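I am opening a notebook on a structure I have not looked at before. The entries follow the order in which I looked things up.

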Amino acid sequence: MADRFQAPKGTFDVLPPGAAARERIERTARQLFEHAGYFRIETPAFEDTELFARGVGESTDIVQKEMFTFEDMGGRSLTLRPEGTAPICRGYVEHGMHKRSQPVKLWYWGPFFRHEAPQAGRYRQFTQVGAEVLGTDEPSADAELIVLLSQLLEGCREVSVRISSLGNPRTRSAYRDELRDWLGAREGELSEPVRARLDLNPLRAFDSDDPGTQAVMAEAPKLIDRLDDEDAEHFAAVRSLLDDAGLAYEVDPGLVRGLDYYTRTVFEFESGVLGAQAALGGGGRYDGLVELLGGSPTPGVGWAAGIERILLAQPEPVEGPPRGVFVAVAKPERREEAFGVANDLRAAGVAAELEHTTRSLKGQLKQADRLGVRHTVILGEAFELKDMETG
Ligand code: AMP
């Protein structure tokens, strides 16, 4: 026998009936977004490597070690998209979307790629749904997006929300220096990876799961206490809108998120049933990103959520009621007619399946049971209709 193949490490097949649950989430997302005036956008699965290097940030885990990067035959460096925000901002600039009426509200759904060590809830190809609002810095856009994500996650178990504000690049840079100095004096108590990145990105020390580092970080000065007046007001306005919407959240000054481009609001949704990979989705405001990618200064805010994690956090789906018709043949000479009956039923708007093998009538009725149809039509001497529930 020839060697068999396996799906590449960190990838998976969606086998029937697994797609149904994914489609349910997509339907819910579409409905939520359409009701809130968001339009669907699709961008390529790969982009210029430089877009992510610049747009996600050189110091991030994603850019440093998680990108699937390759050269095309023309010698261009391309990267399978690890996230959706930089590509959408690229599209906003490329297509002059600043000329449309603002804000531009977009949503997307599709595959993303990160070269991470696979484990439950962490894959190398995964699916994200996400939304971006470009062209306004009003706190209502931040709050609208957070409320939409909480609505999308309504079916998930043990969901909690953390929010914070990262202020603006000026305050963040001053704070980064302050934190670097503060941590530098306690270097001995920090884990090796945190020490190694102290210069590049001391804020990431808040993400560490090393107990010694965590103990230090609990005492560390917090960016949220260094916000300037405008940023603090913006954050208060977002919180007040979330309060009005009845959304419970925790303000977490240690929430930094992995990407460099965030400004002001950041947020993350988690599920208590997910274990180590607890994040269901998250995002924040990125007021400098469009300009960084060559556009005119344009504020933006958005989030992304992982479909595979949402599925893990949802309770087992309950089966729907039986529906549709199975067309069985008791006499082989009526097979052709059965084909026509199934077509007619479908044309009339009734879901219909046809016997495609040469099973006995008993075997066909068993198959109809397995398919969970409501009725079976039997073409024999006569034309019989069997109610599968009552017999
Ligand atoms: P991030 O941009 O890293 O915050 O990702 C947004 C969401 O995508 C996360 O909250 C996860 O639900 C999901 N996600 C990110 N990376 C992966 C991965 N490697 N495998 C599965 N889901 C992921």
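**Entry 1: the start of the chain.** I began with Pro17, which lies in the segment before α1 (18–35). Pro16 and Pro17 are joined by a cis peptide bond, with omega at about 0 degrees. I found a cis bond from Gln102 to Pro103 too, its omega near 0 degrees. Pro103 sits in the loop between α4 and β5.

**Entry 2: ground rules.** The model is predicted, so I note that local features need pLDDT of at least 70 and side-chain atom pairs count only at pLDDT 80 or more, while totals for chains, interfaces and linings use all residues. Residues are numbered from 1 along each chain as its sequence is written, and side-chain values use heavy atoms, with hydrogens and water left out.

**Entry 3: the whole protein.** I counted 13 helices and 15 strands. Along the principal axes, the C-alpha atoms fill a box of roughly 90 × 55 × 45 Å. The protein has 391 residues, and 48% of them count as buried. Buried means under 20% relative accessible area, exposed over 50%, and partly exposed in between, with a 1.4 Å probe and protein chains only. The accessible surface is about 20300 Å², and carbon and sulfur atoms hold 50% of that. Accessible areas come from the Shrake-Rupley method with a 1.4 Å probe; for residues, only the protein chains shown count as cover. I also looked at contacts (heavy atoms within 4.5 Å). Among those with a separation of 6 or more, 70% are between residues 24 or more positions apart.

**Entry 4: the ligand.** Which residues are closest to the ligand? Of the 14 that surround it, they are Arg114, Glu116, Tyr123, Gln128 and Arg257. By type, the shell has five nonpolar, four polar and five charged residues. In this sorting Ala, Val, Leu, Ile, Met, Phe, Trp, Tyr, Cys and Pro are nonpolar, Asp, Glu, Lys and Arg are charged, and the others, Gly among them, are polar. β6 (125–134), β10 (279–285) and β11 (300–306) each give at least two residues to the shell. The largest share, three residues, is that of β10.

I then looked up polar contacts, meaning pairs of N or O atoms within 3.5 Å; within protein, one must be able to donate a hydrogen and the other to accept it, and residues adjacent in sequence count only if both atoms are side-chain atoms. Arg114 places a polar side-chain atom 2.8 Å from an oxygen atom of the ligand. The protein covers 91% of the 480 Å² of accessible area that the ligand has on its own.

Entry 5: Helix α4 (residues 85–94) is mostly covered, with eight of its ten residues buried. Among the elements that cover them are β2, α2 (49–56) and β6. After α4 comes Gly96, with a positive phi near 55 degrees. Glu47 belongs to strand β2 (residues 46–48). Is Glu47 buried or exposed? Its relative accessibility is 7%, so Glu47 counts as buried. The side chain of Glu47 makes a polar contact of 2.7 Å with that of Arg90, and Arg90 is one of the buried residues of α4.

**Entry 6: α13.** In helix α13 (residues 361–371) I found Gly363, Gln364, Gln367 and Ala368 buried. Seen down the axis, the buried residues fall within an arc of 145 degrees (taken from the directions from the helix axis to the C-beta atoms), so they line one face of the helix. The face turned away from that side carries the exposed Lys362, Lys366 and Asp369. β12 (325–329) and β14 (375–379) are among what covers the buried residues.

**Entry 7: two positive phi values.** Glu158 and Arg264 are not glycines, yet phi is about 50 degrees in Glu158 and about 50 degrees in Arg264. Glu158 is in the loop between α5 (139–152) and β7 (159–165) and is exposed at 55%. Arg264 is in strand β9 (residues 263–271) and counts as buried at 12%.

Conventions:
A residue is near a molecule or strand if one of its heavy atoms lies within 4 Å of it. Helices (H or I, at least four residues) and strands (E, at least two) are DSSP runs, numbered from the N terminus.
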